[in-house]
Amino acid sequence: MSKLVVLVAEELSPAGLAVLETDFEVRHVDGSDRSKLLPAVADVDALIVRSATKVDAEVFEHARKLRVVARAGVGLDNVAVEAATKAGVMVVNAPTSNIVTAAEHAIALLLATARNVPQGHAALKNGEWKRSKYTGVELMGKTVGVLGLGRIGVLVANRLAAFEMNVIAYDPYVQAARAAQLGVKLVTLEELLKESDFITVHLPKTPETLGLIGDKELHEVKPSVRIINAARGGIVDEAALDMALKDGRVAGAGVDVFTTEPCTDSPLFHHDNIVVTPHLGASTHEAQEKAGTQVARSVKLALSGEFVPDAVNVQGGAVAEDVKPGLPLAEKLGRIFTGLAGGVPVRLDVIVRGEITSHDVKVLELAALKGVFADVVEETVTFVNAPLLARDRGVEVNLTTSEDSPDWRNVVTVKGTMADGSVVSVSGTLSGPRHLERIIEVNGYDMELVPAEHMAFFGYIDRPGVVGIVGKLLGDLGINIAGMQVGRDVKGGKALIALTVDSAITPDVLEAITGAIGADMARRVDLAD
């Protein structure tokens, strides 16, 4: 019997190749050369790439036998995940391969910025001895503000504490008790800006974090502050940072990531008090080695038909066929829950009811957790790290199953208890032979709504005219309502509007609707990737 074929399109670590060569035929191709790549994928079962190989719909059209694409790294910008999903191809990556490397690079930038290392180096190599010009600052006793206490942010905080720095952090999704265990004081964004001598960014790039550190924020910092961004380009507004450096409102910066990459020309490059690197956060031999072995193991699992923890689209392998359709639904429910809650709970209950519970449904809990943290942390969330993320944030997670489901064949509920004792819940089901997704409950209100990329929820006191006000406000702004449901406990009591729209509702629009209807709860949820 012939072996399954794995095509390696870019350099892979020897250890990764060794994992593959024991069971598969391993072939090699230059993935950056389309004329060689396309014919090479025609009869392979797996494709392994790094960042130079573009895996798009055309690749999947040529690769009729392909079962898995593996990215030996974290990002998936060069892999068309949606096209892969439509083609039935699993996509995996190596989400934890570079967290130590990324943390260390952020600290390298911080130290280089504090002590003007590259500037002094360049001057001395140019024959100039400029000790006084490049006088730096110590770290000991200074306050460092960590934006984002995900796994990378925690590693950075731990390491900077060893420099005897005062570590504070802003992360709305981390409990104060968990931060205290790490020796970190949680503060508001405003407090972090005003108190920090150094600010280091470790947030995911989302609509909420894009431009988080902009012109307004850079007018609130100390003029002695040094800002490090080794997370994602655009979280720190580059134009605003340029102006702050020009005006002397920021003493220095270390930047590894840019809004548009590759970036070889930027106004930031003209400042003598900035250290820049070409997105080197993941560039160490150790990180490359980890990435190679991680994806090789995932490919081996996928081609063996087993459960693949690091799959980012078609989750599962050894999962019951009746359970598989519920995985995307459970993940969506987790994302909607976080949007509704506005934070991470202290306790999360995943409740599964109906016929499906005759199978092992533990994977639905993992899918829900994956959704809960998808928009919270910087790194890619997978079935492997989702439980770790919950544990690190002190979230107690429970799975409850029951065969009894009186109204629906199967129901998945994601229910969380917040730190203030409030409870947030959302339930969903799959309908019909096509497994159409439905939201059937939100915070105790019955409804039936198709989840969409852009959603909003408003809690208010039931009275006539509210639906009309919401419709008119959105209509005046050119935002089309795709679906709307209203639930209430009793006539004239508390009510909830859940709606789906064709375009995103901005914070300003959300605030306008809240004021117009006197809402006591207003949340927008964006499921678009």
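# Close-up views of a predicted model

The buried residues of helix 14 are Val363, Leu364, Glu365, Leu366, Ala367, Ala368, Leu369, Lys370, Gly371, Val372 and Phe373.

**View 1. Helix 14 is largely enclosed by the rest of the structure.** Helix 14 covers residues 362-374. Of its 13 residues, 11 are buried, so the helix is largely enclosed. From its first C-alpha to its last, helix 14 reaches 19 Å. That is close to the 18 Å expected at 1.5 Å a residue. The buried residues pack against two helices, helix 13 (326-341) and helix 15 (385-392). They also pack against strand 13 (347-354), strand 14 (396-402) and strand 15 (410-417).

**View 2. Helix 14 crosses helix 15 at roughly 60°.** The two axes come within 8 Å. That angle makes helix 14 oblique to helix 15. The crossing is left-handed. Helix 14 makes the contact with Leu366, Leu369, Lys370 and Phe373. Helix 15 brings Ala386, Pro387, Leu389 and Ala390. By class, the contact has seven nonpolar residues, no polar residues and one charged residue. An α-helix has 3.6 residues a turn, so residues three or four places apart point the same way. Leu366, Leu369, Lys370 and Phe373 are also listed among the buried residues of helix 14.

**View 3. Helix 16 meets helix 17 with their axes crossing at roughly 150°.** Helix 16 spans residues 466-476, and helix 17 spans residues 507-517. Their axes come within 10 Å and cross at roughly 150°. That makes helix 16 roughly antiparallel to helix 17. Helix 16 passes helix 17 in a right-handed crossing. From helix 16, the contact takes in Val466, Ile469, Val470, Leu473 and Leu474. From helix 17, it takes in Val509, Ala512, Ile513, Ala516 and Ile517. By class, the contact of these helices has 10 nonpolar, no polar and no charged residues.

**View 4. Helix 5 packs on helix 7 at an angle of about 50°.** The axes of the two helices are 9 Å apart. The angle makes helix 5 oblique to helix 7. Their crossing is right-handed. Helix 5 contributes Ile99, Val100, Ala102, Ala103, Ala106, Ile107 and Leu110. These meet Arg151, Ile152, Leu155, Val156, Arg159 and Leu160 in helix 7. By class, the contact has 11 nonpolar, no polar and two charged residues.

**View 5. Asn116 and Glu164 each have a positive phi.** Phi of Asn116 is near 55°, a positive value in a residue other than glycine. Asn116 is found in the loop between helix 5 (99-115) and helix 6 (117-125). Its relative accessibility is 12%, under the 20% limit, so Asn116 counts as buried. Glu164 has a phi near 60°, again positive in a residue other than glycine. Glu164 sits in the loop between helix 7 (151-161) and strand 7 (166-170). At 55% relative accessibility, Glu164 counts as exposed.

**View 6. A cis peptide bond joins Glu261 to Pro262.** Omega of this bond is near -5°. Pro262 lies in the loop between strand 11 (252-255) and strand 12 (274-276).

**View 7. Leu245 is buried in helix 11.** Helix 11 runs over residues 238-247. Leu245 has a relative accessible area of 7%. Setting aside residues up to four places away in sequence, Leu245 touches Val250, Gly252, Leu268, His271, Asn273 and Ile274. Leu109 is 136 residues from Leu245 along the chain. The C-alpha atoms of the two are separated by 17 Å.

**View 8. Lys3 is partly exposed in the segment before strand 1.** Strand 1 covers residues 5-8. The relative accessible area of Lys3 is 46%. Leaving aside neighbours within four places in sequence, Lys3 is in contact with Glu21, Thr22, Asp23, Phe24 and Glu25. Lys3 and Leu218 are 215 residues apart in sequence. Their C-alpha atoms are 58 Å apart in space.

Technical notes
Residues numbered from 1 in each chain as written. Predicted model: local features only at pLDDT ≥ 70, side-chain atom pairs only at ≥ 80, totals over all residues. Heavy atoms only, no water. Helix = DSSP H or I, 4+ residues; strand = E, 2+ residues; numbered from the N terminus. Buried < 20%, exposed > 50% of the residue type's maximum accessible area, 1.4 Å probe, protein only. Expected span 1.5 Å × (residues − 1). Contact = heavy atoms within 4.5 Å. Axes fitted to C-alpha atoms, helices over the stretch in contact; angles between N-to-C directions. Parallel < 35°, antiparallel > 145°, perpendicular 65-115°, else oblique. Left-handed = near helix turned anticlockwise from the far one by under 90°. Nonpolar A, V, L, I, M, F, W, Y, C, P; charged D, E, K, R; others polar.
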